[in-house]
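Hi everyone, thanks for making time this morning. Let me put the structure up, and then we can walk through it together.

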2 protein chains.
Amino acid sequence: MPLDPKSRTIRIILAEKGLPAKLVETRPWEDNPKLAQINPALTIPVLIDEPPTGGEVTLSPTSVIAEYLDEAYSHPALLPATSARRAEARRLSAWFDEKFDHEVNDFVPREKIDKRLQGRGWPDPERLNRGAGALLWHLDYLTWLLEQRHWIAGEKMCIADITAAAHLSVIDYLGAAPWDDFPNVKEWYARMKSRPSFRPLLADRLDGFPPPSHYANLDF
Amino acid sequence: MPLDPKSRTIRIILAEKGLPAKLVETRPWEDNPKLAQINPALTIPVLIDEPPTGGEVTLSPTSVIAEYLDEAYSHPALLPATSARRAEARRLSAWFDEKFDHEVNDFVPREKIDKRLQGRGWPDPERLNRGAGALLWHLDYLTWLLEQRHWIAGEKMCIADITAAAHLSVIDYLGAAPWDDFPNVKEWYARMKSRPSFRPLLADRLDGFPPPSHYANLDF
């Protein structure tokens, strides 16, 4: 799904590594025997790799796809070099894929986008408010990290930046990111957004959900 | 927490690798400034490693601790050798830590144990029923895996077996595992339970929650 943060994470990783991929849009809530067959957990994204050595490798969930891609296609490496730094990068990726996902995505993007695509009506303002409040807390945490580091897990761009930017890109598409109150997060996001790997995401459009004018602007 | 499945996963990994650890019981729902300081996500377990090279490395969540331990203390390896097999082991660990956790643990162990420890009264029978139903589905899935493989992710015992057994050990402690209906899962669990790394878990007791007599019996 174009606006699914976890699918976006994998699209960015593939682009950073220069790996071409065929995208197949899949709505996990729809009855989908093909999805059930390749991922009985019924989550997206799923990656089917065709490695140079032959055969097919079917991969999910997101964190497992990311580890696999960094092992099997190691250049450029998207995990840091030492075990301690790798742990910090993984911790922050899990932070976004689990904590941010439950506290923000369930209350803002899924409330706005998935509910509409599922024909379940308009977003519930109380849920949107709850998600917006949680978002401020997460942006405060990112601010604190970026006061100590040039990238969110250390001195080099890594999987944690990709995961965080993928999640925030969906919030930004919905015009729900209060960038001006979080200048160093905005500056970091502008750096991520300028990467060629991000470009395809900035071209995504969803019917009935036009993004704000700054969404695709690199100098927003 | 003695009966937390994710804490149990890490205790087994440490024991498999012969790494001594000091256990500090922490209830994540209690106001706990020390936990907030070492893990702002406020989840357990958290591991503070003191590597031979000096310093301290603070690690969370569970999947990140497991990856770190397998990298930093590589013998015996608990992840398979190839990227594709590692991905399958990680997929099944994530299956238990995410899917089983949301579908079963939230409805059985947390409903029975955490609710009581939190002084929130008796378990809700409807929630227990829902968890028991989901458990059958997960045991069916394990049966299907074990019809094709000697261990759940392949031909060698790995992190996926440890994670799955840690989760099921809590269900078993509560007398909620219908072993006789799932003979090959029972046989696999008996193999896991017989490992020396499992012994400390079988000695755990929680006040007011005596385990069934078969819990610590290796030939149950």
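Before we look at helix packing, a word on the angles I'll quote: axes are lines fitted to C-alpha atoms, for helices over the stretch in contact, and angles run from 0 to 180 degrees between N-to-C directions. Please keep in mind that this is a predicted model.

With that in hand, let's take two helices of chain B. H1, residues 5-16, packs with H3, residues 62-72, at an angle of about 5°, and their axes are 10 Å apart. Angles under 35 degrees count as roughly parallel, so that is what we call H1(B) and H3(B). Which residues of H1(B) and H3(B) meet? On the H1(B) side we have Lys6(B), Thr9(B), Ile10(B), Ile13(B) and Leu14(B), and they meet Thr62(B), Ile65(B), Ala66(B) and Leu69(B) in H3(B). By type, the residues of this contact are six nonpolar, two polar and one charged.

Now to the two chains together.

As for the interface, 24 residues of chain A contact 24 residues of chain B. About 1,900 Å² is buried between the chains, and carbon and sulfur atoms give 63% of that. Pro40(A), Glu71(A) and Arg90(A) supply 24% of the area that chain A buries against chain B, more than any other three residues.

Finally, confidence: the model scores ipTM 0.96 and pTM 0.97. Chain A has a mean pLDDT of 96, with 100% of its residues at 70 or more.

Definitions and conventions. Residues numbered from 1 in each chain as written. Chains lettered and ligands numbered in written order. Predicted model: local features only at pLDDT ≥ 70, side-chain atom pairs only at ≥ 80, totals over all residues. Heavy atoms only, no water. Helix = DSSP H or I, 4+ residues; strand = E, 2+ residues; numbered from the N terminus. Parallel < 35°, antiparallel > 145°, perpendicular 65-115°, else oblique. Contact = heavy atoms within 4.5 Å. Nonpolar A, V, L, I, M, F, W, Y, C, P; charged D, E, K, R; others polar. pLDDT = per-residue confidence, 0-100. Buried area = accessible area lost by both parts, 1.4 Å probe.
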